[in-house]
Amino acid sequence: MGLGGIALQWLRSFLGDRSQMVKLGDTCLDPWPLTCGVPQGSILSPMLFNIYMKPLGEVIRGFGVQCHLYADDTQLYYSFPPNSKEAAQTLNRCLAAVSNWMRANKLKLNPDKTEALLVSRGTHRGIGWQPVLDGVSHPLKAQVRSLGVLLDSSLVLDAQVSAVAGRAFAHLKLERQLRPYLKKSDLAMMVHALITSRLDYCNALYVGLPLKTARKLQLVQRSAARFLTGAGYREHTMPLLKQLHWLPINCRAQFKVQVLTYKALYGSGPTYLRDRISSYEPVRTLRSSGEALLALPPPSQVWLVGTREQALSAVAPRLWNALPKEIRQSPTLSNFHKELNTWWCRQVFE
């Protein structure tokens, strides 16, 4: 890493001379010195652990497999044609290398938490392949959880939306019981903490969902709006949303995509998102030159036809180009956020 001097001494002091002990009732075992690991709960620990895990990403990418590391969760991504005979062998070799690297660096994989998902068109599912990790075969799952989001093999997100709506309605039912005892401001705080936060979590994935799927989330938002405003069941909810300054579910999802696009374009977002979008560069000087537009990818580059309207490479340019030039060229993220929110409110409520 190139660290030395006082910085290296700080890290050595932070990690060295630590011990642990086991206490059961009034009995306490002798301290046992710790020679590896990072202290739990420290703000430095996640960063140091990511630095320690960095070589694992190089091992994985050496097999042509992409990966995302989030703390101690590692996700592998591999794209291959349906009739590929080498894909299973490549992935198994990659998993074997991962297992060997883990053992050599005093880390242990948890087979019980290891899951595999095959995302493909319906006619190409069930290829009979099972990934092997530490000699244990892992059957392909119908759905897996990634950072709290349920992903299925078709990426239709039915299970995710149903789970979010179910939990949100359960919290809303409990909050109705507390209504006689809390002020309106306290109820609003609870709604934001327990309901709208769930609706907004990873909601960029909800862009392009079928109406019957997105309607489940919209019903939650309408119920929450009626709960906060005291409106009746039959009262139209659009004026209530305007009163609460809430954008509808589909607009909130598009809002999130546009914010992510701004971050990716101006260097405050992850590079893997920036790699999925490209600026529009006309072959000759046109009126649209210099307007910060994005290029629309050809349909052949959006692989799964069923999820074409959800792919970032297809959705982000369409939503970004629909914004006024002044918003696209906002100098700061806070200014962009403010101008974008104002623009959406005008589009929806006026």
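A salt bridge is a side-chain nitrogen of Lys or Arg within 4 Å of a carboxyl oxygen of Asp or Glu, and by this rule the count comes to 2 salt bridges in what is a predicted model.

Select D200 and R252 to see one of these salt bridges, whose closest N and O atoms are 2.8 Å apart. This pair links distant parts of the chain, as D200 belongs to helix α5 and R252 to helix α8, 52 residues apart. D200 counts as partly exposed at 25% relative accessibility, whereas R252, at 16%, counts as buried.

Next select E58 and K54, a salt bridge in which the closest N and O atoms lie 3.2 Å apart. Because E58 and K54 are 4 residues apart in helix α2, about one helical turn separates them. Here E58 is partly exposed at 46% relative accessibility, and K54 is exposed at 52%.

Now move to the largest nonpolar core, which has 47 residues, and select I195, Y206, W246, F336 and L340, the residues that touch the most other members. Helix α8 gives the most to this core, with 8 residues. Keep W246 selected: leaving aside its neighbours within four places in sequence, W246 is in contact with residues including V191, H192, L241, R252 and F349. A second, separate core of 11 residues can be found by selecting I60, C94, W101 and M102, which are among its members.

Finally, select I43, L44, M47 and I51, which make a nonpolar surface patch of about 380 Å². L44 sits in the loop between β4 and α2, and with a relative accessible area of 31% L44 is partly exposed.

Technical notes
Residues numbered from 1 in each chain as written. Predicted model: local features only at pLDDT ≥ 70, side-chain atom pairs only at ≥ 80, totals over all residues. Heavy atoms only, no water. Patch = residues over 30% accessible without salt bridge, like charges linked within 9 Å, V, L, I, M, F, W, Y side chains within 5 Å. Areas by Shrake-Rupley, 256 points an atom, 1.4 Å probe, with all protein chains shown as cover. Helix = DSSP H or I, 4+ residues; strand = E, 2+ residues; numbered from the N terminus. Buried < 20%, exposed > 50% of the residue type's maximum accessible area, 1.4 Å probe, protein only. Core = buried A, V, L, I, M, F, W, Y, C linked by side-chain atoms within 4.5 Å. Contact = heavy atoms within 4.5 Å.
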